[in-house]
Amino acid sequence: MDLRFGDGKPTDEERAAVDALLGPPESSWEGADRSDADLRWARGGREARDRRDQLLPALHALNDRVGWISEGALDYVCRRLTVPPAEAYGVATFYAMFSVRPRPATVLHVCTDLACTAAGASRLCAAVESRLGPESGVKVERSPCLGLCERAPATLAIRAGESARPAFEDEAVQAEGGSGGAAPGGGNGKGRRGRNTLHATAICAPATPDRAIAAATAPESAPTEPAPETAVPQTGDPNLTLLHRIGTVDPASLDDYRAHGGYTALRRAFDLGPAAVIREVTDAGLVGRGGAAFPTGRKWQATAAQPDHPHYLVCNADESEPGTFKDRVLMEGDPYALVEAMTIAAYATGAHQGHLYLRGEYPRALARLTHAIEQARTRGLLGDDVLGQGYAFDIEIRRGAGAYICGEETALFNSIEGRRGEPRSKPPFPVEKGLFGKPTVENNVETLVNVLPILTMGAEAYAAIGTPTSTGPKLFCVSGTVARPGVYELPFGATLGELLALAGVRDNLRAVLLGGAAGGFVRPDELDIPLTFEGTRAAGTTLGSGVVMAFDDTVPLPRLLLRIAEFFRDESCGQCVPCRVGTVRQEEALHRIVDRTGADAAGDITLLREVGRAMRDASICGLGQTAWNAVESAIDRLGAYE
C-alpha cells in the first residue's frame, strides 16, 4: 500500500460508512466534490486535526461495513481527519481485528490461547479450517484469548455489512418495556460525537466444529448466548458484594437496578462532596484490581489536585490477559453499576468527560453498555445536570480492535487519540499529563465497581473485609481443568486451595497458573498460598488481575509454554528493542526445546534466562517486563523440561 495519498477512490459503501460517523465532508479538502471556493483556500484543517481521535472509530466503521480497509477508504479517512496516510496505515495495521488486504465479509475467530488450548482448540481449529475452504466465504483466523475462558474452547464470528444485525441488539431494546432511549445500533455511544455501530456477531462457546461453522455461516440462527450469571457459580449467595446483582437484576432495566440499591452510592457521593469521597476510598484501602495494586485514593487525589483542566476519566475495559473475563461478566450482568461508578469517580476527580475503552471482542458488553448509557442520559443520570446537582458528566464508549498492549494505560490513551497503541515513557504520569495531555485518572472495571460498596457500607466496614493490607472482596477468574469454571468472589486472604475447592479441582492436578500469561506457575503442594498481593509476592509469584488456571497432567506443559511465548511475540508493540527482539528469541528457544532441534535444552534454558533478564530490566512497559515470568516459573518450580 502506498503511504502517500494515492489514486485509489473509496467505494460508495466505504464513503457512506465514514460519513455516517463523521458527517458529510464540507469541502474538497475533506473529500467532497471540488468547488471554485476550494481552489482559493483550504478550509477545515484545524477542525479536522482536532478530530484525530476519530481515526479508530472510522476504521471500525469501515471494518464493520465492508470487512476490510482498502487503500481508497484509508485515503478518504485521512482526508476527512487530516491525518498523514503513513500514520493512519500504521494505526490500521496495529490492530489484529483490522485488515488492509481483501478478505471475506465473515471472519471466524477461533481462540487458541491457554484455556482453549487445554480444551482442544488446536483440533477444533484444524477441523474448521479443513471444512471452510475459500468457497465458503468465511475466513478462519486463529485468535488470542476471546475472554470466554469459562466456556472453552471458544469462537467468535463477525459478519460485516450495512444490514448486519447483532444477535444481542434485541436483548437491550427490550429494557423498560422497549421504551426510553435508543437501540444500541442507533444510540449515541460516543457521548455527543458520532455513533458506535454494532456488527453481526455470533459467539459459540463451548464450540464444536459443527457449531462453529454454523455460527460463521448463519449468525442469525446461532444458539442464544447464555445469561451472564451462568459464569458466576456463586449466584444467589447472599454474602456476595460485587456480584450480588448478577442473576437477580435485569441488566437492561434501569428501574430494576435502582430497585436493588442502584444510585444510592452516587447520591451519598453528592452528599459527601468530592474531597470526602476521595477520603472514603483512601480509608477503605482500595487498590487497583488490574494487577499493579496502586492505591486508588492516591491516584484520585493526585488527579483532582492538578490545576490544569479539563480532567478526564478513563475506564480500562480492555481486559486481554489470557484467562481474564471478570470485567466482561460485570459489564454484561450489571452494566449500570459501571456507569454509576464512573460517574462517582469523575465527580471526585473533577472530570466531566469519561471514556470507556472496551474490548472489540465483547459485542454483548458493547450492546448492554451502550443501552445503559443511553438510558442513564435519558433519565438525567448522565448529561449536563446529573441528578439535578448541577454537575455535568457524560461517557463515550471506544471500541478496541485487538491489542493486548492497550491494557497499559498510556498505550490506551494513544489508542483513543488515534495513534498506535504504544506505551509512553514516564514521567510525566497520567495524573499530570494523560489523555489529550490533560490530567487523567484511569481505573479498570473491577476497581471502579468496588467504589459502590465503599460508599454504601462505609470505608470502615469495607476495610474490615479481607486482610489489613489487602482490603475488600476480590474477583477471581477460574478456568482450565476444573468442574465449575467461572468468576468467583472471595475476600482477600482466602487461600488458593479454598478457591479451587469451590471450583471443583480435578484429580491429577499438574500446575496452577496465577495472574495469566504474565503471571507464574505454582505446584499442587503450594495451594495454601494466601490470595493477597503481598501473600503471592512472598510466595514468589503474583496475583495479577485474578487469573487462576488449573492444568492436570493431560495438558502438555511445554506446548503451553510455547503458546505463552507466541502470545507475547504477537502482542509486543515493537517499540523497544528488549521486548521486540527478546520475545522472538524466547519463542525460538522454546520451539527448539519442544521440537528437539538445534542446541540442547540446557543451552537454550541458559539463553532463555539471559533474554528474560534483559526483557525484565530494560523493557519500556509491563508486557516485556513480564514476558518471561511464566516460563521462568515453569522451569524453576515445575521442572518443565526435566
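This is a predicted model: local features need pLDDT of at least 70, side-chain atom pairs count only at pLDDT 80 or more; totals for chains, interfaces and linings use all residues.

Guide: Residues are numbered from 1 along each chain as its sequence is written, and side-chain values use heavy atoms, with hydrogens and water left out.

Visitor: What makes the reach of helix H25 close to the expected one?

Guide: Helices are DSSP runs (H or I, at least four residues), numbered from the N terminus. The expected span is 1.5 Å times one less than the number of residues. H25, residues 601-618, has 18 residues and spans 26 Å from first C-alpha to last, close to the 26 Å expected.

Visitor: Which residues of H25 are called buried, and why are they said to lie on the same side?

Guide: Buried means under 20% relative accessible area, exposed over 50%, partly exposed in between (1.4 Å probe, protein chains only). Asp604, Ile605, Leu608, Val611, Gly612 and Met615 are buried. They lie on the same side of H25 because they cover an arc of only 130° around the axis, taken from the directions from the helix axis to the C-beta atoms. The face turned away from the buried side carries the exposed Ala602 and Asp617.

Visitor: Which residues lie nearest the centre of the largest pocket?

Guide: They are Gly290, Gly291, Ala292, Gly407 and Glu408, among 47 lining residues. A pocket is an open set of points on a 1 Å grid over the protein atoms alone, where a 1.4 Å probe fits, with protein on both sides within 12 Å along at least five of seven lines; lining residues have an atom within 4 Å of a point.

Terms used. Helices (H or I, at least four residues) and strands (E, at least two) are DSSP runs, numbered from the N terminus.
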